[in-house]
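Below are some notes on the model you sent. They start with the chain as a whole and then turn to two residues.

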Amino acid sequence: MVNCCGLVTVKNKPVPLKSIAVEVSVQGHVATVSSTLQYENQEESPLEAIFVFPLPGEAAVCRFSAKIGQTEVVAEVQEKQKAREQYDDLLSSGQQAFLLEESDESPDVFKLSVGSLPPGEKASVSLDYVTELAVQADDGLRLCLPAVLNPRYQPQGSDSGSGGSALVSSVPTGSVPYSLSLSARVSSLHPICRVESNCPLDPLNYLNTEKTQATVSLAAGHQFDRDVELLLYYQDTHQPTAIVEAAQASAKPGSLMGDPVVMLSLYPEFPNDVMSSMTSLGEFLFVVDRSGSMSCQMHNGSVAQDRIGSARDTLLLLLKSLPMGCYFNIIGFGSRYESFFPKSVEYSQKTMDEALQKVKAMRADLGGTGILQPLKHIYSQPCLPDQPRQLFLFTDGEVWNTKEVLDLVKANAGSHRCFSFGIGEGASSALIFGVAKQGGGHAQFITGQDRMQPKVMQSLRFALQPAVVDISVKWNVPKGVSVTPLSPPIRVLFQGQRALLYAQLTGKSSGDTEGSVTVKYSLAEQPVENQLSFSLKPAEDTGLTVHRLGARTLIRSLEMEERQGDGKKKGVQEKVVELSVQSGVSSVFTAFIAVHKVDGEAVQGPMLLRQVPTPSVCVSVKRNGLSLFKTSMSRRMVCGAAVNMYMPKKMNFDVQADQGQGQRLLKGSRPMYGKKRRSPRSERRSTDLDCPATASNPVKDPLLQLISLQKASGSWVLEAALAEVLGKTEEEVAKPKPAPVDQEVWATVLALVWLYGFKMEAQEEWQFLAMKAVSWIQAQKAASVSECVQAGNILLGCQVQKDTLGL
């Protein structure tokens, strides 16, 4: 049975979480986020609340405290099972206790249990975490505060009771009964250009003339009914940096917290000549989520397309953009998976046409989201000689076994590169970033009114371009000082990727106070070398953000080592617990526990569990054979405090199953789950892959129509459909063709002139198609190409130069 009764109390009122306040301290590429939640128990019985926090996949919780009345208690880190037992014992003896633990399945989900809050009592819960900021395609750094945590799909037979993977209750947008305040302080080695957000901000306030420090706040009155995103932009973003953070004064020298820690930032810049060089080899595997939630809309605007429709358009673009001579396959997955071909096939006109017919038939009809089995199938297939495997994974990220997926990708990292795309609200950042990181690829999020195609084509460019390889890092420190790396070595960096490396500095130098690091790598077979200096005596009181992120990096590596060793390697878990307790950083083997010792009797009667509502998102959850859907809320995916609560006391509610819609209704309420409303076909930006284009059903987007007409070789044919895209009749298009020129060459030149003349704003989407077309024209050794370009300009009313086309 789906436990969806926690939306209301027994009095049919929302659980009163009053407010969430967030303070952010940004230091260059990393940040510390402090969230404070205010709430009260308006029940007539003691209350136990379960909050579920979605955090960035790379985040590490480092402090947790709670205040009841005027008394504040600060949590300590303990081994998880010991903390759970202590929590249960305290509740049964009438004490108030708080337990915070990381999900066993996914490192971006934390569950907070607030135990035995008396009737009428108010409480304040504070949570601090540190995180790295993700780099965007435009060099901005992204900080996210998610208002939503999607339910994770759980296959039948799996244990739903562990690790905080319970359902998160939702309410309609605009009905969230709590507000959010947010303020951020930003410090950088380089000047801060600007700060942007998807929510209204107060003006940026610079704190010094160098513009390296600033503050910014969310405009007052923001209701936390959407995700909040901050984008930070600095000058000189590609310059490498090395920052040393002072040791914790109270820690023992020689321990991680008792020694300085250095953080190296590497964000290579790719020259234009490298950006324009492409390979024609590779095995391209497109792994596409076809679970029920992919039928949800991309956003809630009037022209919103559903996710699966956007994926179909994207596959059309990808299939047309692949180079001749490569291999490809498409795998759709849900509760099961389906491959277009038994194994990868060579890219040709025949295989491309066959794949496009199958793309037209793709629906979000494969149930829940099970990524593990299709990945196992892919890795069981031998790699093709001289065809590097490139895997593109598209999903809305609703999986429950994230760590198992990441372990599998890492175990096969030497055989492929993996590019991942998180689609829509609530996509798991731990999954999307983790798959790309372990697979040596690149991660992208497509949320709000983002279009999928530009981001996917950017990643295809990364897959076809040279990458930074043969990376080596050499630390140069004075005698008496040693360097212990905390991060695993970097294998590869693509254009637009940044790496942060952490290392512990142990010992002291009798004289020299300067150290340096030399970074060497190869880009397009050209050697590159950078040397950076840093002080061994850093400034005091830097907040220990770098230390905690270094500890988190080492903890994550050890946790993966423990899982992949099936527990056979002794001492790994003990080492993680020791490091977690020492640094105060969360791990899968530890938990935070805080105790408020008061004089009280044992709790009498049943303790209520309540769910705090979060904004509605489009989800598809498979339970007992029923598919349940909610309406999509279009907001940008973003990292903070969403909350979830549930109750063991049985409530009076009816479950009504509509055979056609799979609805479940609370007694006396409107439907929580309804049939998905598709946007009118006339509103959708699509090639209408649902059914073939006809005179009565025209393709709405001329760009995608033109793309659909291109041959695998890169050429176009002179036909009525092409003339329609160009806004001409077939006779008008054929008449001005220079006499000695082949019709196919003329058609291809016209298509290029139209693209450059009318669709330059979408060049990132069609640049590979144009490159294929130019290569095809050049291979024909056609005469009078200049005349073709001139005649095409006159016909279409453009002024595109031959050189612009690359001819």
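This is a predicted model: local features need pLDDT of at least 70, side-chain atom pairs count only at pLDDT 80 or more; totals for chains, interfaces and linings use all residues.

1. A residue is called buried here when its relative accessible area is under 20%, and exposed when that area is over 50%. By the cut-off for burial, 59% of the 807 residues of the chain count as buried.

2. On secondary structure, the chain has 36 strands along with 17 helices. Its exposed surface comes to about 31900 Å², and 49% of that is supplied by carbon and sulfur atoms.

3. Is Leu230 buried or exposed? Leu230 has a relative accessible area of 4%, and the cut-off for buried is under 20%, so Leu230 is buried. Leu230 sits in strand E17, which covers residues 228–234.

4. Which residues does Leu230 touch beyond its neighbours within four places in sequence? The contacts are Leu141, Arg142, Leu143, Leu182, Ala184, Val195, Glu196, Ser197 and Leu201. Leu218 is 12 residues from Leu230 along the chain, and the C-alpha atoms of the two are separated by 9.7 Å.

5. The second residue is Ser265, found in strand E19 (residues 261–266). Its relative accessibility is 3%, against a limit of under 20%, and therefore Ser265 counts as buried.

6. With residues up to four places away in sequence left out, Ser265 is in contact with His29, Pro240 and Thr241, and also with Arg498, Ala499 and Leu500.

Terms used: Residues are numbered from 1 along each chain as its sequence is written. Side-chain values use heavy atoms; hydrogens and water are left out. Helices (H or I, at least four residues) and strands (E, at least two) are DSSP runs, numbered from the N terminus. Buried means under 20% relative accessible area, exposed over 50%, partly exposed in between (1.4 Å probe, protein chains only). Accessible areas come from the Shrake-Rupley method with a 1.4 Å probe; for residues, only the protein chains shown count as cover. Contact means heavy atoms within 4.5 Å.
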